[in-house]
Amino acid sequence: MAELSAATQSPSVSSSSSGAEPSAPGGGGSPGSCPAQGAKSCGSSCAVHDLIFWRDVKKTGFVFGTTLVVLLSLAAFSVISVVSYLILALLVVTISFRVYKSVIQAVQKSEEGHPFKAYLDVDITLSSEAFHSYLNAALAHVNKALKLIVRLFLVEDLVDSLKLAVFMWLMTYVGAVFNGITLLILAELLVFSVPIVYEKYKTQIDHYVGIARDQTKSIVEKIQAKLPGIAKKKAE
């Protein structure tokens, strides 16, 4: 009887222990860890998070340097010229490496085969399921953007529409000073610098941001109180 009871209890014990083990990696997490939840979302979100927070300095430096060089090239040359030079540079590298490996194989009389065979055998075809999933995700963002545009331009909320008007008015001055490529360069510099600075000085930045948010909120409430129709809507 003792052996029978032990045998019946052992599966439950093993199942409980096996169920407790997977929860360890996902629990808690350090403040600088990836905020994504789930295996699917963590694939792309964690990669971007680690990239902009310089978790891998070599990888982030390569991406940052490459994109910055491309943007600077677009600022000096046309898009066609930049794309053509990039393709030519890539072809020069691959063709030179292919010829080099062929000469080495001929001299050493080896049969290693094509140097890019491992990459040529990689399946890069996009399945219909993956295509439709990407399309549905993009469609959701498009529909959300359309609803926002309609809501702002048809003045569903007067304050939000005024915010957009003020922002566009400020952008006219920005457009007079900077062009699109310059703004993209500045955006890239901010993307790769602001997150890591915020991570280091989070407490101080949150303090001043909270003060600014409170001041902005009080100003918006004063404006809403003086605008016709807004006070009545709140009272209802």
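The model is predicted, so local features need pLDDT of at least 70 and side-chain atom pairs count only at pLDDT 80 or more, while totals for chains, interfaces and linings use all residues. Residues are numbered from 1 along each chain as its sequence is written, and side-chain values use heavy atoms, with hydrogens and water left out.

The chain has twelve helices and zero strands; both are DSSP runs numbered from the N terminus, helices being H or I with at least four residues and strands E with at least two. Of the contacts (heavy atoms within 4.5 Å) between residues at least 6 apart in sequence, 40% join residues at least 24 apart.

Helix α7 (residues 128–153) packs against helix α8 (residues 158–177) at an angle of about 95 degrees, their axes 8 Å apart. Axes are lines fitted to C-alpha atoms, for helices over the stretch in contact, and angles run from 0 to 180 degrees between N-to-C directions. That angle makes α7 roughly perpendicular to α8, a label for 65 to 115 degrees; under 35 is roughly parallel, over 145 roughly antiparallel and the rest oblique. R151, L152 and F153 of α7 meet D160, S161 and L164 of α8.

R151 also forms a salt bridge with D160, the closest N and O atoms being 3.0 Å apart. A salt bridge here is a side-chain nitrogen of Lys or Arg within 4 Å of a carboxyl oxygen of Asp or Glu. R151 is partly exposed, at 27% relative accessible area. By this rule there are four salt bridges.

Another of them pairs E199 with R55, at 2.8 Å between the closest N and O atoms. Because E199 lies in helix α10 (residues 194–200) and R55 in the loop between α3 (39–52) and α4 (57–76), the pair ties together parts that are 144 residues apart in sequence. E199 is partly exposed at 31%, and R55 is partly exposed at 38%.

E188, in helix α9 (residues 180–191), is buried yet has no salt bridge. The nearest side chain of opposite charge, K59, is 15 Å away; Lys and Arg count as positive and Asp and Glu as negative, with His and the chain ends not counted. Leaving aside residues up to four places away in sequence, E188 touches V63, F64, T67, L68 and L71.

Note on methods:
Buried means under 20% relative accessible area, exposed over 50%, partly exposed in between (1.4 Å probe, protein chains only).
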